[in-house]
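Here are my notes for you to read alongside the model.

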Amino acid sequence: IATPFAEDAGPRVLAALDRQAADWSRRHRTACVAHARGVEPDRALELRMRCLGQRLEALAASTEVLATTTASSVGSALEVIAGLPPLADCDDLEFLTAAIPPPADPGARAAADRLRTRLTGAEILDRSGRSAAALAEMRAILSDADAIRATAIGIDASLAIGRIALAREQQADAIDPLRSAEFRAFAAGALGPGIEAAARRLYVEAMLDRSGPALARAEILEPLAAGLRGDRFAQPLLLNNLGAAHLAAGDRERARRY
């Protein structure tokens, strides 16, 4: 891609893209070799390849967005790079098996995959500073996901809509999509997304001076989060936001402990 960024940012962005591409190639090759040698079964290869495929789509979408970045939006370009999903997740079978499986029907699976690609593009669009366009696309994706019962896409779209509302400091607008993501995730047995949505909603409610009910739910959320496997984000987020909620309620000691 061209480098229409500031002189110091352009090489950093391109180097990060090159590293991600090289790392992807290495992990893809390693997975194929391990399967060919009989080290891992077909199911493990399927999970890894699905994850790697999604990461490659994210890299391609990021490159496309970055190609239109101007020197005035260097910060957004760096946000796009920072938001690339970690390739290490594709090595973590515990993390991969905890995810909601795609639809069994080939047609439904293909439709869900197309929605996933659109959602990836919308999330990257948001990180590039175009949150209004990203929100419109995410709402359309959520509607389409519900129409074909693509549970995982619906959860992720609701959660993404809530995140954007939070980033735009529209706390009240974040509550409903976060609540929807939380309920959808827990109903599907997806603890990681459910805990993340609950943690973000807890933070919002605490900031809106509704910390009492929010903290009461912590008695359920803490043990659920403690049982998460293959997670490196949702439980720390919950603990951090519990600290923020206790601080908002005036309990500095408990806030510090969390």
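1. Let me begin with a cysteine. Cys32 is partly exposed, with a relative accessibility of 33%; on this scale buried means under 20% relative accessible area, exposed means over 50%, and partly exposed is in between, with a 1.4 Å probe and protein chains only. Its closest cysteine sulfur is in Cys90, and at 13 Å that is too far for a bond.

2. A word on the basis of these notes. This is a predicted model, in which local features need pLDDT of at least 70 and side-chain atom pairs count only at pLDDT 80 or more, while totals for chains, interfaces and linings use all residues. Residues are numbered from 1 along each chain as its sequence is written, and side-chain values use heavy atoms, with hydrogens and water left out.

3. Now the cysteines that do pair. The structure holds 1 disulfide, a term used here for a pair of cysteine sulfur atoms within 2.5 Å. The partners are Cys51 and Cys90, with sulfur atoms 2.0 Å apart. Cys51 belongs to helix H2 (residues 42–66) and Cys90 to the loop between helix H3 (74–82) and helix H4 (93–98), so the bond ties together parts 39 residues apart in sequence. Helices here are DSSP runs (H or I, at least four residues), numbered from the N terminus.

4. Please also look at the geometry and setting of that link. The angle about the S-S bond is -75°, and the link of Cys51 and Cys90 is left-handed. Cys51 is buried at 4% relative accessibility, and Cys90 is buried too, at 1%.

5. Next, how do the axes of H8 and H9 cross? Helix H8 (residues 171–188) and helix H9 (residues 191–207) have axes that come within 8 Å and cross at roughly 155°. The axes are lines fitted to C-alpha atoms, for helices over the stretch in contact, and the angles run from 0 to 180 degrees between N-to-C directions. H8 and H9 are therefore roughly antiparallel; the cut-off for that word is over 145 degrees, and angles under 35 degrees count as roughly parallel. The crossing of H8 past H9 is left-handed, a label for a near helix turned anticlockwise from the far one by less than a right angle.

6. Who makes the contact between those two helices? On the H8 side the residues include Ile175, Leu178, Phe183 and Phe186, and on the H9 side they include Leu191, Ile195 and Val204. Contact means heavy atoms within 4.5 Å. By class, the residues of the contact of H8 with H9 divide into 13 nonpolar, 2 polar and 5 charged. In this scheme Ala, Val, Leu, Ile, Met, Phe, Trp, Tyr, Cys and Pro count as nonpolar, Asp, Glu, Lys and Arg as charged, and the others, Gly among them, as polar.

7. The axes of H5 and helix H7 (residues 151–167) come within 10 Å and cross at roughly 10°, which means H5 is roughly parallel to H7. H5 passes H7 in a left-handed crossing. Among the residues that meet are Leu115, Arg116 and Leu119 in H5 and Ile153, Asp156 and Ile164 in H7. The contact of H5 with H7 has 8 nonpolar, no polar and 5 charged residues.

8. While you are at H5, find Thr120. Thr120 sits in this helix, residues 106–127, and is buried at 11% relative accessibility. Leaving aside neighbours within four places in sequence, Thr120 contacts Glu57 and Ala58.

9. Two backbone angles are worth checking. Most residues other than glycine have a negative phi. Arg149, in the loop between helix H6 (131–148) and H7, has a positive phi near 60° and is exposed at 75% relative accessible area. Glu169, in the loop between H7 and H8, also has a positive phi near 60°, and Glu169 is exposed at 64%.

10. Finally, Arg130 lies in the loop between H5 and H6 and is partly exposed at 35% relative accessible area. The C-alpha atoms of Arg130 and Ser76 are separated by 9.3 Å, although the two are 54 residues apart along the chain. Beyond neighbours within four places in sequence, Arg130 contacts Val65, Thr68 and Leu125.

Definitions and conventions:
Parallel < 35°, antiparallel > 145°, perpendicular 65-115°, else oblique.
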